[in-house]
Amino acid sequence: MLQLLFENDSNYIPANDLLKMLESVMLKSLELEGFTREVEISLTFTTDELIKEINCKHRNIDKATDVLSFPMYEKQELSDINTSISNFPVALGDIVVSVERAFSQAEEYRHSFEREMAFLVCHSMFHLLGYDHMTKQEEGLMMEKQNKVLEALGINR
């Protein structure tokens with residue numbers, strides 16, 4: 001159901017357990033949305049320096065961030081794709097995570113690095129699934145969905 005294309009542009013070497021947990025976050029996000037098609041997602045671990053370059057190039061924001069999402073489809077397109085009869089995997093998009101930022105935020109929020117990575121990937125998954133947080137209402141809906149996924153998987157602060 002999930003083809004994960006993983007690239008590591010950071011100095012951090014992830015344990016297999018971390019990647020398995022992140023895959024479970026992705027799958028649970030898809031399940032919550034009722035997305036039943038096989039999907040392909042690109043996940044890249046990177047540094048603050050590289051994510052800053054990507055952020056500047058694609059969003060014209062010249063600063064590092066924790067995670068970037070590059071969805072391939074709008075929400076309505078995904079609904080149509082999910083109900084189509086095609087057997088081909090759906091390339092949902094790309095997730096780029098700054099491992100450096102995840103470590104520092106985990107320390108700041110006083111929870112584990114693994115929990116921070118799960119949150120960032122979950123947050124990004126809902127962007128790939130057509131959600132955004134430009135308004136308080138959108139932000140609340142995204143937070144609710146993220147919390148449901150993390151709670152269902154027992155990933156707590």
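This is a predicted model: local features need pLDDT of at least 70, side-chain atom pairs count only at pLDDT 80 or more; totals for chains, interfaces and linings use all residues.
User: What makes helix 1 oblique to helix 6?

Analyst: Helix 1 (residues 16-33) and helix 6 (residues 136-152) pack at about 125°, their axes 9 Å apart. Under 35 degrees counts as roughly parallel, over 145 as roughly antiparallel, 65 to 115 as roughly perpendicular and the rest as oblique, so helix 1 is oblique to helix 6.

User: Which residues of helix 1 and helix 6 meet?

Analyst: Contact means heavy atoms within 4.5 Å. Val25, Lys28, Ser29, Leu32 and Glu33 of helix 1 touch Lys145, Lys148, Val149, Leu150 and Ala152 of helix 6. Those residues split into 5 nonpolar, 1 polar and 4 charged. Ala, Val, Leu, Ile, Met, Phe, Trp, Tyr, Cys and Pro count as nonpolar, Asp, Glu, Lys and Arg as charged, the others, Gly among them, as polar.

User: Why is Cys122 called buried?

Analyst: Buried means under 20% relative accessible area, exposed over 50%, partly exposed in between (1.4 Å probe, protein chains only). Cys122 has 0%, so Cys122 is buried. Cys56, at 30%, is partly exposed.

User: How many disulfides are there?

Analyst: The structure has 0; a disulfide needs a pair of cysteine sulfur atoms within 2.5 Å.

User: What about Gly34: where is it?

Analyst: Gly34 is in the loop between helix 1 and strand 2 (39-46), and its 37% makes Gly34 partly exposed.

User: How are these values set up?

Analyst: Residues are numbered from 1 along each chain as its sequence is written. Local features need pLDDT of at least 70, side-chain atom pairs count only at pLDDT 80 or more, totals for chains, interfaces and linings use all residues, and side-chain values use heavy atoms, leaving out hydrogens and water.

Key: Axes are lines fitted to C-alpha atoms, for helices over the stretch in contact, and angles run from 0 to 180 degrees between N-to-C directions. Helices (H or I, at least four residues) and strands (E, at least two) are DSSP runs, numbered from the N terminus.
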